[in-house]
Amino acid sequence: MRSTTYTAAALSIAAISAPAAAQAFEQITTRDAFVAATSGRDLTRLGISVAVTPSGDIRGRAFGYPVTGAWNWQNGYFCRDLYWGNDPLGQNCQAVRIQGDTIRFISDQGTGRSADLTLK
């Protein structure tokens, strides 16, 4: 049985724990910089592959179920409203950092848990 709590922990955009090496990552502070980094690329992690489109859509799959949602940029944060299958994971505004092909999302405006994904 799938669990929304497990999924929230597993979905990278839903923010899961990851070891910190924050000094090596650069903060993305503008929508334009975020779009430049992610446009045409999938955000991946074991069992997860999602795309965030410049028009504000989120789509992909995670652990065999569709991932859908919408995002916008507010006050320096990536704000998303996400669904895993029919389960709403809710809205959250996240700090975004990047290092090479690794993008890190940190929930709760940078004060919560983080998730690293690979840009492919």
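## Core and hairpins at a glance

The largest nonpolar core in this predicted model has 23 residues, and Phe34, Phe78 and Ile103 have the most contacts inside it. Helix 2 (31–38), strand 3 (48–52), strand 4, strand 5, strand 6, strand 7 (87–99), strand 8 (102–106) and strand 9 (114–119) each put at least two residues into this core. A nonpolar core here is a set of buried Ala, Val, Leu, Ile, Met, Phe, Trp, Tyr and Cys residues joined through side-chain atoms within 4.5 Å. Helices (H or I, at least four residues) and strands (E, at least two) are DSSP runs, numbered from the N terminus.

**Ground rules**

- Residues are numbered from 1 along each chain as its sequence is written, and side-chain values use heavy atoms, with hydrogens and water left out.
- Since this is a predicted model, local features need pLDDT of at least 70 and side-chain atom pairs count only at pLDDT 80 or more, while totals for chains, interfaces and linings use all residues.
- Buried means under 20% relative accessible area, exposed over 50%, and partly exposed in between (1.4 Å probe, protein chains only).

**Inside the core**

- Phe78 sits in strand 6 and is buried, at a relative accessible area of 0%.

**Strands 4 and 5**

- Strand 4 (residues 57–62) pairs with strand 5 (residues 65–74) in the antiparallel sense, over six bridges; two strands count as paired if DSSP finds at least two bridges between them.
- Across this pairing, Arg59 stands opposite Thr68 in strand 5.
- The two strands form a hairpin with two residues between them.
- Phe63 is partly exposed, at 32% relative accessibility.

**Strands 5 and 6**

- Strand 5 also pairs with strand 6 (residues 77–84), again in the antiparallel sense, over eight bridges.
- Here Asn72 stands opposite Cys79 in strand 6.
- This hairpin has two residues between the strands, and Asn75 takes a positive phi near 50 degrees.
- Asn75 lies in the loop between strand 5 and strand 6 and is exposed, with a relative accessible area of 76%.

**Background on phi**

- Most residues other than glycine have a negative phi.
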